[in-house]
Amino acid sequence: LICQNTGLRYLDLSGCGVPNYVKLAALTELRFLNLARCRDIDNLEFIRDMRQLRTLLVGWTRISSLSPLDGSTSIRQIHAGMSDVRVLPQGDLPALQTLNVMSSKADRQAVAQFRQDHPTCAVEYGWVDSLRHALEGTTRLRIRSGGTCHRRPQEEKALAEITNTAEI
């Protein structure tokens, strides 16, 4: 039924079972496609004709290759963190702004080559690199007990505080 709506531009199937996902190829007008956590999807060949696609979310999937996006002139954001992605898209991707392959199966060398080939694209890959990037320009780092949710600031303690930018 979804595939009968060929003019559809936004589709979020995150966490859904999509056994006949190849039929999504009919949705050539899509701008946004969320397939995160769709564990039955293992390849993206069906998106080759989605020439308007700007955002693709495929995290937590069994997809191993982003090659169907090779040479895309429309794709701006690819989120493939926590996926089986090993193969990154190739060729000129002039609109690509963000590639997230955090905790994917892509290797460091392939990511380094991708960064070199796409210098205007922000590539999120390694946790250490991401932390370093987040800390750029930081003048004080305070590490506290507690967490990020259900905090009790009055019970938290400062575990470390660093004000030397070289140490940070």
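Is Phe32 buried or exposed? In this predicted model, Phe32 has a relative accessible area of 18% and counts as buried, because the cut-off for burial is under 20%. The residue lies in strand β2. Beyond its neighbours within four places in sequence, Phe32 is in contact with Arg9, Tyr10 and Leu11, and also with Leu53, Thr55 and Leu57. A further distance concerns Leu8, 24 residues away from Phe32 along the chain: the two C-alpha atoms are separated by 9.5 Å.

**Overall architecture**

The chain contains two helices and eight strands, and along the sequence these elements follow the pattern β-β-β-β-β-α-β-α-β-β. For 168 residues the globule rule gives 15 Å, whereas the radius of gyration of the chain is 19 Å, well over that value, so the chain is more spread out than a compact globule. Along its principal axes, the C-alpha trace spans about 55 × 40 × 25 Å. Of the 168 residues, 36% count as buried. Among contacts in the chain with a separation of 6 or more, 16% are between residues 24 or more positions apart.

**The sheet**

Six strands make up an open sheet with parallel pairing, in the order β1-β2-β3-β4-β5-β6. At its edges are β1 (10–12) and β6 (122–124), each of which pairs on one side only. From one strand to the next the twist averages 5 degrees. Within the sheet, strand β2 (residues 32–34) runs parallel to strand β3 (residues 55–57), and three bridges join the two. In this pairing, Asn34 stands opposite Leu57 of β3. Leu57 is also one of the residues in contact with Phe32.

**The nonpolar core**

The largest nonpolar core has 36 residues, of which Leu24, Leu33, Leu35, Phe46 and Leu66 touch the most other members. With neighbours within four places in sequence set aside, the contacts of Phe46 are Tyr21, Val22, Leu24, Ala25, Leu33, Leu35 and Ile41.

Ala112 is found in helix α1 (residues 108–117) and is partly exposed, with 42% relative accessibility. Ala112 and Phe46 are 66 residues apart along the chain, and their C-alpha atoms are separated by 28 Å.

**Accessibility of selected residues**

| Residue | Relative accessibility | Class |
|---|---|---|
| Cys16 | 34% | partly exposed |
| Cys38 | 0% | buried |
| Phe32 | 18% | buried |
| Ala112 | 42% | partly exposed |

**The cysteines**

How many disulfides does the model contain? The count is zero.

Key:
Residues numbered from 1 in each chain as written. Predicted model: local features only at pLDDT ≥ 70, side-chain atom pairs only at ≥ 80, totals over all residues. Heavy atoms only, no water. Core = buried A, V, L, I, M, F, W, Y, C linked by side-chain atoms within 4.5 Å. Buried < 20%, exposed > 50% of the residue type's maximum accessible area, 1.4 Å probe, protein only. Contact = heavy atoms within 4.5 Å. Disulfide = S-S within 2.5 Å. Pairing = 2+ DSSP bridges. Helix = DSSP H or I, 4+ residues; strand = E, 2+ residues; numbered from the N terminus. Axes fitted to C-alpha atoms, helices over the stretch in contact; angles between N-to-C directions. Rg over C-alpha atoms; globule rule 2.2 N^0.38 Å.
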